[in-house]
Amino acid sequence: MKLSYYPGCSLHATSAEYSASTEGVFKALEVELEELNDWSCCGATSGHSLDSNLSHALPLYNLILAEAAGNDLLVPCAACYNTLRTTQNFMATASREAKELGQRAKEIMGREYRGTIKVRHVIEVLAEPGVFTALERKVTKKLGGIPLASYYGCLLTRPPKVASFEANPEQPRLMDRLLTLCGATAVSWSHKNECCGASLSIPQPKLVEELVGKIVEAARYAGAKAIVTACPLCHTNLESRQTKDEEPLPVFFITEILGLSLGLDPTPWLKKHLIDPFPLLRQYGLA
Amino acid sequence: MAGQQTIPSQELAAEVAAGSGQIVNRCYQCHKCTAGCPVAMAMDLMPHQVVRYVQLGLEEELIKSKTIWQCAACRTCVSRCPNGIDIAAINDALKQRALARGAVPALPEVAAFHQAFLASVKSRGRVHELGMLAAYKLKTRTYLQDAPLGFKMLRRGKLPIFSGGIKNKGRFRAMWEGSKEERR
Ligand code: SF4
Ligand code: SF4
């Protein structure tokens with residue numbers, strides 16, 4: 001299998017470890033990733049907040065590049081995944097606005113958008129039968145039952161008509177399956193897809209501390225020793241907005257956990273974390 | 001407002017529908033959106049009230065409200081609304097109306113953040129997080145907020161001083177400007 005890879009801005013900066021671990025895991029699974037040539041920012045929350053048309057113009061720019069490359073597009077960031085899928089959905093409506101945007105994009109990009117490729121999230125690809133079987137074969141290091149809370153946040157499952165790859169978007173399960181495969185215990189908990197407020201993290205830190213506080217408290221209450229995410233914004237936010245009254249819970253990327261259990265060296269990734277995960281890993285004999 | 005009656009005006013509802021694609025008149029005020037909204041506790045108008053105010057044409061109140069800036073765009077409301085109404089999209093349309101009319105945003109930091117983010121994207125095609133944060137801090141004069149966190153991130157290499165932009169800026173700008181034109 002070969003996929004185009006859309007890292008998005010965060011994976012080139014704040015979440016470089018998500019990118020490195022994603023590339024490591026897919027390489028181990030013999031899925032070829034080719035970074036989308038000259039990709040641009042998708043606009044994220046700011047794009048659609050201040051300019052509704054900009055929000056579709058920027059994702060469409062990337063969708064056309066991806067279509068020219070010819071492979072399905074792998075997107076690790078939940079926000080990028082959501083905006084790209086939202087624009088695909090918008091273009092599929094074939095409304096007057098969508099047609100106008102499509103026409104202009106064709107003139108500028110020299111190529112028409114046809115909607116022929118899929119935009120796929122990392123979890124979705126890892127959980128698909130062929131890849132999952134390869135994982136099953138290659139997982140060498142079982143994680144000793146370490147209790148982890150799989151955290152989706154909001155934009156991976158919402159709205160389900162546009163974005164979700166889960167059978168039940170209010171009770172998503174694929175990340176739990178991946179964790180269980182690695183020999184971790186996926187705890188059952190209440191805040192799996194509550195929003196962490198990431199888009200407000202910089203302008204509204206106090207509010208976001210409250211949201212993050214509730215999520216972390218719920219994970220702790222369920223017995224989790226760490227939280228696992230599949231979104232660079234959730235990861236940065238959960239790592240940076242835990243307040244200090246209690247020992248903070250480490251936050252991992254799902255690809256870091258999979259990499260660890262595939263026998264890859266996670267040290268270069270985990271060294272970048274703001275909350276040191278090594279004491280916990282040592283406790284479970286994993287580092 | 002004894003003796004005074006609010007006469008529903010369809011004008012705002014029609015304009016918001018055009019700007020957001022949301023048919024607000026489908027809302028029957030079941031409050032399900034508000035029940036699931038993670039930031040309702042920090043809002044001055046509840047999500048279901050935003051929709052109702054749009055139906056009633058109460059534009060001034062909406063444009064002055066914190067809620068339109070407070071919305072985290074998590075899309076929980078649209079996922080659960082029995083009528084598929086996307087309140088985040090309505091809030092976006094209202095933010096844009098507020099800015100177009102020169103209103104002072106009720107949460108100026110949020111507006112400044114989005115502006116700094118988009119300025120960074122516009123100049124390079126991608127966000128340069130460090131540059132964007134610097135621009136945001138200059139604008140909001142919140143230099144000390146999060147300073148220790150910023151240093152920690154710099155040390156971990158999470159905020160590169162330099163980072164690449166895109167190569168084909170002409171094509172990118174044309175897509176950007178094109179979308180502005182359409183906004184009118
Ligand atoms: S959930 Fe939908 S129908 Fe119910 S109050 Fe909210 S917007 Fe209206
Ligand atoms: S999108 Fe906005 S209004 Fe809707 S649930 Fe999320 S924060 Fe609340």
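1. The two domains of chain A touch each other: 24 residues of domain 1 of chain A are in contact with 25 residues of domain 2 of chain A, where contact means heavy atoms within 4.5 Å. The bounds are 2–121 for domain 1 and 140–283 for domain 2; domain bounds here come from an automatic or database domain assignment. The C-alpha centres of these two domains of chain A lie 24 Å apart.

2. A word on how to read the values: this is a predicted model, in which local features need pLDDT of at least 70 and side-chain atom pairs count only at pLDDT 80 or more, while totals for chains, interfaces and linings use all residues. Residues are numbered from 1 along each chain as its sequence is written, chains are lettered from A and ligands numbered from 1 in the order in which they are written, and side-chain values use heavy atoms, with hydrogens and water left out.

3. Staying with chain A, UniProt places the feature "domain: Cysteine-rich" at residues 4–85 and 149–238, in an unreviewed entry. UniProt positions follow the numbering used here, feature names are shortened, and annotations may be inferred rather than shown by experiment. Residues 4–85 of chain A are 61% helix and 11% strand, with end C-alpha atoms 15 Å apart. For residues 149–238 of chain A, the figures are 36% helix and 9% strand, with the end C-alpha atoms 13 Å apart. Helices (H or I, at least four residues) and strands (E, at least two) are DSSP runs, numbered from the N terminus.

4. One backbone detail in chain A is worth a look. A:R158 and A:P159 are joined by a cis peptide bond, with omega about -20 degrees. A:P159 sits in the loop between β5 (147–150) and α9 (174–181) of chain A.

5. Chain B has eleven helices and zero strands. Its C-alpha trace spans about 60 × 40 × 30 Å along the principal axes. The domain assignment gives domain 1 (7–106) and domain 2 (107–184) of chain B, and their C-alpha centres are separated by 27 Å. Six residues of domain 1 of chain B are in contact with five residues of domain 2 of chain B.

6. Now to ligand 1. It is surrounded by 13 residues, the closest being B:C27, B:C30, B:H31, B:C33 and B:C81; a residue counts here if one of its heavy atoms lies within 4 Å of the ligand. The shell around ligand 1 divides into eight nonpolar, four polar and one charged residue. For these classes, Ala, Val, Leu, Ile, Met, Phe, Trp, Tyr, Cys and Pro count as nonpolar, Asp, Glu, Lys and Arg as charged, and the others, Gly among them, as polar. Helices α2 (32–36) and α3 (47–56) of chain B each supply at least two residues of the shell around ligand 1.

7. B:H31 deserves a check of its own. B:H31 has a positive phi of about 70 degrees although it is not a glycine, and it lies in the loop between α1 (10–20) and α2 of chain B.

8. Around ligand 2, the residues include B:C37, B:C71, B:C74, B:R75, B:T76 and B:C77. This shell divides into ten nonpolar, one polar and one charged residue.
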